[in-house]
Protein chains: 2
Amino acid sequence: MTADQWLSSSLLHLMRARGHKDLTGAHLAFFAFLECGLTHASDVARRMGISRQAVYKVTRDLERIGVLRLEEDPTDRRQKLILMTARGDRVALDARASLAEIEARIEERIGPVRLDQLRGALARDWGAVLGLEGDEPS
Amino acid sequence: MTADQWLSSSLLHLMRARGHKDLTGAHLAFFAFLECGLTHASDVARRMGISRQAVYKVTRDLERIGVLRLEEDPTDRRQKLILMTARGDRVALDARASLAEIEARIEERIGPVRLDQLRGALARDWGAVLGLEGDEPS
DNA sequence: TCAAATTAGTAAACTATGTTTACAGATTGC
DNA sequence: GCAATCTGTAAACATAGTTTACTAATTTGA
């Protein structure tokens with residue numbers, strides 16, 4: 001189990017415990033990018049480094065289960081605005097709480113100082129590494 | 001793109017450039033555990049935290065393309081010994097060289113000191129975190 | 001200005017990588 | 001000796017992505 005897999009499976013587990021039984025890992029990963037202020041599927045796809053067709057499937061799912069809704073974008077009629085429903089806001093809230101819970105468990109395990117160092121190392125150093133190259137799909 | 005995904009896709013890319021066109025990411029991930037001295041599929045499955053059925057498929061693939069071969073284990077007739085073929089040895093060599101190349105590119109990007117710190121932080125801190133819980137499959 | 005190139009969303013077929021469930025044969029513990 | 005457990009095997013299924021293809025809307029440039 002890698003760090004990534006552990007993080008996303010922990011998040012998924014906690015979200016299910018909070019009643020979001022129909023959310024998958026892909027749904028939650030996608031959701032994080034909406035939280036960053038993105039409002040269009042193609043932007044999310046580019047930022048996630050996956051195809052817009054993959055993102056499309058997730059948005060279609062999330063619309064079907066009532067987490068978000070799509071609306072015509074008046075500024076560009078090719079695009080659709082991705083908007084949160086009431087349940088979408090609850091999901092976002094519960095996701096933030098779950099992530100805080102996970103971080104608290106890590107801190108409990110390795111201590112606040114090393115957690116801070118680890119966060120710093122990952123943000124600075126991996127950030128620099130990943131800024132180097134992108135094999136993004138079409 | 002996460003750090004994990006970046007690492008494995010870089011490794012896969014370099015291995016393909018070295019002529020191993022038929023190897024997949026799952027093949028290479030599995031291979032790393034053979035390099036650690038494991039000789040039986042069930043051991044690999046446990047260490048990787050995946051089902052032994054998933055490992056079985058990979059071994060079957062790798063046997064088919066001539067990277068490894070299976071032999072009856074004389075000490076336990078339930079088990080089979082996983083052995084390298086000549087091509088398997090070449091794969092292992094090329095994988096080590098590719099990883100060294102990747103690490104060199106990271107070092108070039110963030111410098112030797114921060115690379116060392118990052119490696120330390122990941123080994124110590126994430127190791128401690130992942131040692132905490134295991135949702136391993138049956 | 002208008003044709004060409006690009007971009008957004010949609011959709012189907014396929015791929016990669018896992019899981020769950022099931023079973024038979026070998027081994028181990030009591 | 002027999003039940004529990006472990007091995008490899010295998011099929012059916014799940015998840016999350018890709019490639020290819022199409023239409024409509026927009027942007028670019030000669």
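The legends below describe close-up views of a predicted model with two protein chains, A and B, and DNA strands C and D.

**View 1. The fold of chain A in the predicted model.** The secondary structure of chain A comes to six helices and two strands, and read from the N terminus these elements follow the order α-α-α-α-β-β-α-α. The C-alpha trace of chain A spans about 50 × 40 × 25 Å along its principal axes. Chain A has 138 residues, of which 20% count as buried.

**View 2. The contact of helix 5 with helix 6 in chain A.** Two packed helices are described by the angle between their axes and the distance between the axes. For helix 5 and helix 6 of chain A, the axes come within 7 Å and cross at roughly 120°. From helix 5 of chain A, the residues A:Ile106, A:Glu107 and A:Ile110 take part, and they meet A:Pro112, A:Arg114 and A:Leu115 in helix 6 of chain A. By class, the residues of this contact divide into four nonpolar, no polar and two charged.

**View 3. The interface of chain A with chain B.** In this interface, 22 residues of chain A are in contact with 22 residues of chain B. On the side of chain A that touches chain B, helix 1 (3–17), helix 5 (86–110) and helix 6 (112–130) are the elements that give two or more residues, and helix 6 of chain A gives the most, with nine residues. This side of chain A has 12 nonpolar, five polar and five charged residues. Because 100% of the interface residues of chain A are also interface residues in chain B, the copies meet through the same surface.

**View 4. The relation of the two copies.**

**View 5. The surface near DNA strand D.** There are 22 residues around DNA strand D, and those that come nearest are A:Thr24, A:Gly25, A:Ser51, A:Arg77 and B:Ser42. The elements that give two or more residues to this surface are helix 2 (25–35) and helix 4 (52–64) of chain A, together with helix 3 (41–48) and helix 4 (52–64) of chain B. Seven nonpolar, nine polar and six charged residues make up the surface near DNA strand D.

**View 6. The surface near DNA strand C.** Around DNA strand C there are 21 residues, of which A:Ser42, B:Thr24, B:Gly25, B:Ser51 and B:Arg77 come nearest. At least two residues of this surface are supplied by each of helix 3 (41–48) and helix 4 of chain A, and by each of helix 2 (25–35) and helix 4 of chain B; the largest share, three residues, comes from helix 4 of chain A. The residues of the surface near DNA strand C divide into six nonpolar, nine polar and six charged.

**View 7. The surroundings of B:Val58.** B:Val58 is found in helix 4 of chain B, and B:Val58 counts as buried because 22 C-beta neighbours lie inside 10 Å. When neighbours within four places in sequence are left aside, B:Val58 is in contact with B:Ala26, B:His27 and B:Phe30. B:Ser10 is 48 residues from B:Val58 in sequence, and the two are 20 Å apart in space, C-alpha to C-alpha.

Technical notes:
Residues numbered from 1 in each chain as written. Chains lettered and ligands numbered in written order. Predicted model: local features only at pLDDT ≥ 70, side-chain atom pairs only at ≥ 80, totals over all residues. Near = placed C-beta within 6 Å. Helix = DSSP H or I, 4+ residues; strand = E, 2+ residues; numbered from the N terminus. Nonpolar A, V, L, I, M, F, W, Y, C, P; charged D, E, K, R; others polar. Contact = placed C-beta atoms within 7 Å. Buried ≥ 20, exposed ≤ 12 C-beta atoms within 10 Å, placed from the backbone. Axes fitted to C-alpha atoms, helices over the stretch in contact; angles between N-to-C directions.
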